[in-house]
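Please read them with the coordinates open.

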Amino acid sequence: MTAANPSAPFAQALDFTGRTVLVTGGGVGIGRAIAEAFAAACARLIIAEIDPANADAVEAAIPGARVIRCDVRQRGVGRLLADRIAAETGKLDVLVNNVGHFLHAQPFSTLTDAQMDEIVDVNLGQLLRITSALLPLLRKAAPGSSIINVTSIEAHRGIPGCSVYAAGKWGVTGFTKSLALELAPEGIRVNDIAPETTDTPQLALDYVIPAENRTHEERWIPLGRFGQPADCAGAALYLASPLAAWVTGTALHVDGGALAAAGWYRTPQGEWTNTPLISGNGIVIPGAAG
Ligand SMILES: NC(=O)c1ccc[n+]([C@@H]2O[C@H](COP(=O)([O-])OP(=O)(O)OC[C@H]3O[C@@H](n4cnc5c(N)ncnc54)[C@H](O)[C@@H]3O)[C@@H](O)[C@H]2O)c1
């Protein structure tokens, strides 16, 4: 199977008319922005959402969206989603595995076995099961269908106090690369979106970064600000579209340049330093140094 050629006019590449898109956790935050973007691009949208209030809100906000109230961590939910989508559209063009959470920001030595299992399952285990269950429907839409996994910039560097979360997200990175190879002959692409800190209910900036430190944003992030959910939505549209027809097994770092900067920061004078002079922290993880 040869990957689709992006010779179609670029203007039409972001038209998802007739294409079915499933977004897990599409009620708020990054998933919601991705859902809104696909809806604006005329996709037939299905959202899997656990929170009743979030489900009601997104259903009201996106006319035509089909919201399935469920917990993607539960065994059998992948099958349920596949059955519903099969009955409605018979195929799935785009699977966006967006659900994930750091859950417990604390030193590794203080995590219980149950907490570790919980973190790995919400970030990696459920994603494997959902992908497995939906793969037959992605095959029905191949060639040209694709999987987009929302990982994290922490899947490409270390993060103190969230080592198991990082392990789960790095696991998704490995899964993405490996599955991309398996599915390439069928014309199904698999990619990641790896966001840096993005303003969502899970990581509301007003909460995690003290107001007095918000003025340092442009010193921490090369492009001068933390992320907004719409930043990831643009990446998702691109990765799912024919514009990315020759892109598989990779990650888009949606991070304002943070990973490129690694440990480099700007001084108040606008110079670069790897020995930051700022007192206090941005995101404070209690006890992470212990
Ligand atoms: N916000 C950030 O700064 C950031 C940074 C890096 C990576 N990420 C990743 O981006 C993804 C989305 O993050 P967010 O900040 O938008 O999250 P969020 O917690 O703000 O929103 C997640 C949505 O998913 C729903 N959800 C949660 N668990 C579910 C389940 N088991 N079944 C179905 N629905 C469920 C929630 O109700 C909510 O609507 C996650 O994978 C997260 O790890 C976020």
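1. Thr215 counts as exposed, because it has 9 C-beta neighbours inside 10 Å. Thr215 sits in the loop between α6 (205-208) and α7 (217-220). From Thr215 to Phe175 the C-alpha distance is 38 Å, for 40 residues in sequence. Helices (H or I, at least four residues) and strands (E, at least two) are DSSP runs, numbered from the N terminus.

2. The model is predicted: local features need pLDDT of at least 70, side-chain atom pairs count only at pLDDT 80 or more, and totals for chains, interfaces and linings use all residues. Residue numbers start from 1 along each chain as its sequence is written.

3. On the overall fold, the protein has 9 helices and 9 strands. Its radius of gyration is 19 Å, which agrees with the value near 19 Å for a compact globule of 290 residues. That radius is taken over C-alpha atoms, and the globule rule is 2.2 Å times the number of residues to the power 0.38. Along the principal axes, the C-alpha atoms fill a box of roughly 55 × 45 × 40 Å. Buried residues make up 41% of the 290. Among contacts with a separation of 6 or more, 73% are between residues 24 or more positions apart; a contact means C-beta atoms, placed from the backbone, within 7 Å.

4. Phe175 belongs to the buried residues of α5, which also include Val164, Tyr165, Val172 and Leu179. The buried residues of this helix pack against α4 (113-140), β5 (146-150) and β6 (189-195). The 21 residues of α5 (residues 163-183) should span 30 Å at 1.5 Å a residue, and the end C-alpha atoms are 30 Å apart, which agrees. The expected span is 1.5 Å times one less than the number of residues in the helix.

5. Helix α8 (229-240) can be checked likewise. Its 12 residues should span 16 Å, and the end C-alpha atoms are 17 Å apart, which agrees. Buried in α8 are Asp231, Cys232, Ala233, Ala235, Ala236, Leu237, Leu239 and Ala240. Their cover includes α1, β4 (94-97), β5, β6 and β7.

6. Which residues touch the most other members of the largest nonpolar core? They are Val21, Leu22, Ile34, Leu134, Cys232 and Ala236, in a core of 72 residues. Helix α4 gives the largest share of this core, 9 residues. A nonpolar core is a set of buried Ala, Val, Leu, Ile, Met, Phe, Trp, Tyr and Cys residues joined through C-beta atoms within 7 Å. Neighbours within four places in sequence aside, Ile34 is in contact with Val23, Gly26, Val96, Asn98, Cys232, Ala233 and Ala236.

7. The ligand has 28 residues around it, of which Gly25, Gly27, Gly29, Gly100 and Gln202 come nearest. Elements giving two or more residues to this shell are α1 (29-40) and β2 (44-49), and α1 has the largest share, 3 residues. By type the shell holds 10 nonpolar, 14 polar and 4 charged residues. Here Ala, Val, Leu, Ile, Met, Phe, Trp, Tyr, Cys and Pro count as nonpolar, Asp, Glu, Lys and Arg as charged, and the others, Gly among them, as polar.

8. Some backbone geometry deserves a look. Most residues other than glycine have a negative phi, and most peptide bonds are trans. The bond from Ala142 to Pro143 is cis, with omega near -5 degrees, and Pro143 is in the loop between α4 and β5. Cys42 has a positive phi of about 70 degrees and lies in the loop between α1 and β2. With 14 other C-beta atoms within 10 Å, Cys42 is partly exposed. Ala262 also has a positive phi, near 50 degrees, in the loop between α9 (258-261) and β8 (265-266). Ala262 is exposed, with 8 other C-beta atoms within 10 Å.

Conventions: Buried ≥ 20, exposed ≤ 12 C-beta atoms within 10 Å, placed from the backbone. Contact = placed C-beta atoms within 7 Å. Near = placed C-beta within 6 Å.
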